[in-house]
Amino acid sequence: MRGERSVIAHDWAEVIRRAKELDAEAFDEIVDAYAGRLYGFFHRMLGRREEAEDLVQEVFVRVVKSIPEYREEGRFEAWLFRIAGNLVRDRLRRSTAGDAGDPQAGMSDPPSDRAKGVGDGLERREEIDRLQPFLAKLPSVEREAVLMRHYGELSFAEIAEYTAAPLGTVLSRVHRGLAKLREWMESPR
Amino acid sequence: MNDSERQREEVDCGEQWLAGLCERSAEIDPARIKRAVRVAIEEQWLARNLSPDAPAGLSRRARHAVREALAVASRAGVRGHRRVVRVWAWIGGGLAAAAAVVLTVFGPWRMAATSDGDEASTSFVSAFEEFKDEEEELDQELSQLRAAFSDFDQTVAKGWGEESWEEPVEKASDLTEDGV
């Protein structure tokens, strides 16, 4: 996995350069590389499949508009997921409390929409299904930090920067969030 | 081991557990996203090349004419990717023959527009009718624009998996439809 990422990173500067010139194929590469991860992030943050798809689209539209402002000082995916994080925060702010934390959210999604590559066993799928309501139970800052780490592969420092929170706070949020998830998931049904 | 290190270790352990449970990438069909990106690229291209602040080439009058035309098209309900591509194609064809032909091209929009769009397009058309291109300055610039649009259409067509762009033959009434 790390090796694959370094190969992608090697070509990434060129892709970004082409994207800045509004090369459609460069944007296709960006979409192919990140749409699945962004979708996973939005889906697990909000629990709603269609809304997640809309937000993935919105991220890429914003990327097209703002890519001239992107400076290759940080990692591209950190920049991308910062856009995603801002979008999801806006969405959560606008949502009613009931919508945002619906523990049943995402439970009825079709199997094809669930995480891939985790085995075909029914038991495994049930485990993933069980995760969604527990994610929804987490405070949004903890859920966001956990999922930014998981789907965005952001460092604690990158999350701290974009959330304007101290590094220790971010670490604690991830720590608490993961501990709760494990505890809930491992408790008897 | 201090508290922070212990936390880091537990987080590592927890993240491995989560990674084992849930892959980092979920399945999504990128086709719709790519279409939306194409539209955004077109809009961005327009903003870059036709804004009054664009660095080279076109006069403010030419840019203003095209932007107005697109605004009219937008207000008339011309939305969605196919619509946008069609706008480019029509403008590309129409601009080559300068203002008179542009008037013809936008005629159907004027007739098909909603009340708001109708008012705006009438205003646009009036402005064009009053415009005198005595030195053929606009004509030359519009020719340049046509070449740029032609290249652009081919890029968009390629993005759709088509060999080249063929201007669609549709009735004017189709333009009143909302969406794709």
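How many residues does the contact take from chain A, and how many from chain B? The contact takes 37 residues from chain A and 29 from chain B, two residues being in contact if their C-beta atoms, placed from the backbone, lie within 7 Å. Colleagues, this is a predicted model, in which local features need pLDDT of at least 70, side-chain atom pairs count only at pLDDT 80 or more, and totals for chains, interfaces and linings use all residues. Residues are numbered from 1 along each chain as its sequence is written, while chains are lettered from A and ligands numbered from 1 in the order in which they are written.

Let me stay with the interface. On the side of chain A that touches chain B, at least two residues each come from H2, helix H3 (49-66), helix H6 (122-137), H7 and helix H9 (167-186). Helices here are DSSP runs (H or I, at least four residues; strands are E, at least two), numbered from the N terminus. H2(A) gives the most to that side, eleven residues. By class, the side of chain A divides into 19 nonpolar, eight polar and ten charged residues. In this scheme Ala, Val, Leu, Ile, Met, Phe, Trp, Tyr, Cys and Pro count as nonpolar, Asp, Glu, Lys and Arg as charged, and the others, Gly among them, as polar. For the complex, the predictor gives an ipTM of 0.78 and a pTM of 0.64.

I turn to the packing of two helices in chain A. The axes of H2 (residues 24-46) and H7 (residues 140-150) of chain A come within 10 Å and cross at roughly 160°. H2(A) is therefore roughly antiparallel to H7(A); the term applies to angles over 145 degrees, with under 35 roughly parallel, 65 to 115 roughly perpendicular and the rest oblique. Axes are lines fitted to C-alpha atoms, for helices over the stretch in contact, and angles run from 0 to 180 degrees between N-to-C directions. The crossing of H2(A) and H7(A) is right-handed, that is, the near helix is turned clockwise from the far one by less than a right angle, anticlockwise being left-handed. From H2(A), A:Phe41, A:Arg44 and A:Met45 meet A:Arg143, A:Glu144 and A:Leu147 of H7(A). That contact has three nonpolar, no polar and three charged residues.

Two loop residues of chain A deserve a remark. A:Leu22, in the loop between helix H1 (2-20) and H2, has a positive phi near 65° without being a glycine. A:Leu22 counts as buried because it has 20 C-beta neighbours inside 10 Å; the cut-offs are 20 or more for buried, 12 or fewer for exposed, and partly exposed in between. A:Ala164, in the loop between helix H8 (156-163) and H9 of chain A, also has a positive phi, of about 55°. A:Ala164 is exposed, with 6 other C-beta atoms within 10 Å.

Finally, chain B. Chain B has seven helices and zero strands, and 29% of its 180 residues are buried. Its mean pLDDT is 58, with 27% of residues reaching 70 or more; pLDDT is the predictor's confidence in each residue, from 0 to 100. Over residues 92-132 of chain B, pLDDT stays under 50. Where pLDDT is low, the predicted coordinates should not be read in detail.
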